[in-house]
Amino acid sequence: MAKNKVISTEDILSTLCHSVTEVLSSASGNQIAYSAMVQKITRTCMRPDIGCFVLFDGGFTGLVVTNFTAQAAMEVYQDYMRSMGMPESEIAQSHLSDDVSNVMGELMNQIVGDFTSKVREQLHTSITQNQPKMMAINKQVQISVDTTMDRPQARRVTFTTQGQNIFYLELAMDKTEFIKLHDYDITEAVDPDDIIASQRSKKAEPAKKAESPAEDVADDDFMADLGL
């Protein structure tokens with residue numbers, strides 16, 4: 001009898017890490033990488049300089065926390081704003097700026113949205129998320145975020161930006177395993193941006209009507225019969 005494939009916490013964490021690198025790299029043009037080693041931790045915490053947490057529930061319960069150093073947050077934020085065509089004079093220069101927290105919170109929202117989509121496609125289950133809470137944290141303050149889970153497991157992964165600045169992602173979730181009973185095809189999500197871009201390119205192409213040589217000859221003969 002073939003052994004059924006088991007998807008563990010580490011597999012789900014790997015999916016989340018892919019969402020982080022894909023969304024941040026695409027949004028900012030900054031090549032984000034993460035460590036191949038994962039840490040087992042006892043609890044998740046928000047730490048200086050900028051922290052964010054998102055709760056999710058549904059097929060399984062969990063908590064995602066990101067902790068950015070000021071340098072890492074500013075690198076990602078500024079690269080993102082430049083990629084959006086924002087003038088340098090309008091880009092914040094301090095990680096304490098509300099604009100930095102708002103932008104990083106929106107990027108975190110996109111990350112978890114991409115993650116929930118991947119969970120739906122790959123695990124055939126659904127999870128929902130709350131609005132990310134991103135905030136600058138004083139170096140003298142450490143906030144512990146707790147959520148109700150039956151048998152929580154916590155992991156931490158280190159990420160590195162293109163400029164070699166560090167930030168961390170922490171995941172706490174119920175101890176659970178997904179067991180594949182039979183093979184199935186994973187349907188890739190359709191990116192709305194790709195559809196819009198495709199439609200725009202089609203509209204931009206000039207309409208061309210091809211006429212065959214036979215049609216040209218027939219038209220000439222018809223005009224000749226009319227004495228024209």
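This is a predicted model: local features need pLDDT of at least 70, side-chain atom pairs count only at pLDDT 80 or more; totals for chains, interfaces and linings use all residues.

Trainee: How many residues does α3 have, and how far does it reach?

Mentor: Helix α3 covers residues 98–123, so to speak 26 residues, and spans 37 Å from its first C-alpha to its last, close to the 38 Å expected.

Trainee: What goes on at the start of α3?

Mentor: A side-chain oxygen of Ser 97 comes within 3.2 Å of the backbone nitrogen of Asp 99. After the helix comes His 124, with a positive phi near 55°.

Trainee: Switching to salt bridges: how many are there in the whole structure?

Mentor: Seven. One of them pairs Glu 22 with Lys 118, at 3.0 Å from N to O. That pair links distant parts of the chain, with Glu 22 in helix α1 and Lys 118 in helix α3, 96 residues apart.

Trainee: Is Lys 118 buried or exposed?

Mentor: Buried, because its relative accessible area is 13%. Glu 22, at 40%, counts as partly exposed.

Trainee: And which residues does Arg 82 bridge to?

Mentor: Asp 79, with the closest N and O atoms 3.4 Å apart, and Glu 88, at 2.5 Å. Arg 82 and Asp 79 are about one helical turn apart, because they sit three residues apart in helix α2.

Trainee: New topic: where is Thr 66?

Mentor: In strand β6, residues 62–68. Thr 66 counts as buried because its relative accessibility is 3%.

Trainee: What does Thr 66 touch?

Mentor: Setting aside residues up to four places away in sequence, its contacts include Ile 50, Cys 52, Met 108 and Tyr 168.

Key:
Residues are numbered from 1 along each chain as its sequence is written. Side-chain values use heavy atoms; hydrogens and water are left out. Helices (H or I, at least four residues) and strands (E, at least two) are DSSP runs, numbered from the N terminus. The expected span of a helix is 1.5 Å times one less than its number of residues. A polar contact is a pair of N or O atoms within 3.5 Å; within protein, one must be able to donate a hydrogen and the other to accept it, and residues adjacent in sequence count only if both atoms are side-chain atoms. Buried means under 20% relative accessible area, exposed over 50%, partly exposed in between (1.4 Å probe, protein chains only). Contact means heavy atoms within 4.5 Å. A salt bridge is a side-chain nitrogen of Lys or Arg within 4 Å of a carboxyl oxygen of Asp or Glu.
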